[in-house]
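Some words used for protein models rest on cut-offs.

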Amino acid sequence: MDNNGTQVTEKTRYSDIELQEFKDLILDKLNKAKAELHILVTSLSNPNENGTDDTAGTFKALEDGSATLEKEHVNQLAARQKKFIENLEAALVRIENKTYGICRETGKLIPKERLRAVPHTTLSMEAKLKQS
């Protein structure tokens with residue numbers, strides 16, 4: 001009850017208008033993430049664009065090690081980006097199902113501020129902190 005004695009019901013889901021706002025935000029992030037992934041994948045498929053084929057043999061071993069390390073790093077970034085894209089796409093499914101923004105642990109609405117910062121989250125901060 002509020003101060004006037006009126007029954008206050010806790011909001012159980014976001015409105016269609018609010019869901020559309022989150023959908024737009026997620027689609028924007030999704031497009032950017034896919035573009036970044038494309039850049040990462042392209043850089044993996046063009047390993048020698050710096051033209052280092054004619055460098056002296058003494059530096060070749062160092063370059064090979066450095067190139068391998070760089071390739072591993074880019075692979076890790078690409079894997080993280082793919083996971084991020086999958087999480088964003090799952091969030092879009094939750095929007096379509098009208099279950100977006102509901103904490104999977106507490107069943108309460110995740111605050112808008114958290115969803116704007118981490119739009120693919122399925123946990124409120126309360127539930128997230130309990131996991132730690």
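Q: What does T121 touch, not counting residues up to four places away in sequence?
A: This is a predicted model. In it, T121 touches R94, I110, R114 and L115, with residues up to four places away in sequence left out. These count as contacts because contact means heavy atoms within 4.5 Å.

Q: Why is T121 called buried?
A: The relative accessibility of T121 is 8%. Buried means under 20% relative accessible area, so T121, at 8%, counts as buried.

Q: Which residues of the largest nonpolar core touch the most other members?
A: This core has 22 residues, and Y14, F22, I26, I95, Y100 and L115 touch the most other members. The elements that give two or more residues to the core are α1 (16-45) and α2 (60-97).

Q: What makes a set of residues a nonpolar core?
A: The members must be buried, come from a list of residue types that includes Phe, Tyr, Ile and Leu, and be joined through side-chain atoms within 4.5 Å.

Q: Which residues does F22 touch, not counting residues up to four places away in sequence?
A: F22 touches Y14, I95, Y100, K112, L115 and R116, by that count.

Q: How many helices and strands does the chain have?
A: The chain has four helices and zero strands. Read along the sequence, the pattern is α-α-α-α.

Q: What part of the chain counts as buried?
A: Of the 132 residues, 23% count as buried. The accessible surface of the chain comes to about 9400 Å², and 54% of this belongs to carbon and sulfur atoms.

Q: Where does UniProt place the feature "zinc finger region: dksA C4-type"?
A: The unreviewed UniProt entry places this feature at residues 103-127. In the model, that span is 36% helix and 0% strand, and its end C-alpha atoms lie 8 Å apart. The name comes from the record, and such annotations may be inferred rather than shown by experiment.

Notes
Residues are numbered from 1 along each chain as its sequence is written. This is a predicted model: local features need pLDDT of at least 70, side-chain atom pairs count only at pLDDT 80 or more; totals for chains, interfaces and linings use all residues. Side-chain values use heavy atoms; hydrogens and water are left out. Buried means under 20% relative accessible area, exposed over 50%, partly exposed in between (1.4 Å probe, protein chains only). Accessible areas come from the Shrake-Rupley method with a 1.4 Å probe; for residues, only the protein chains shown count as cover.
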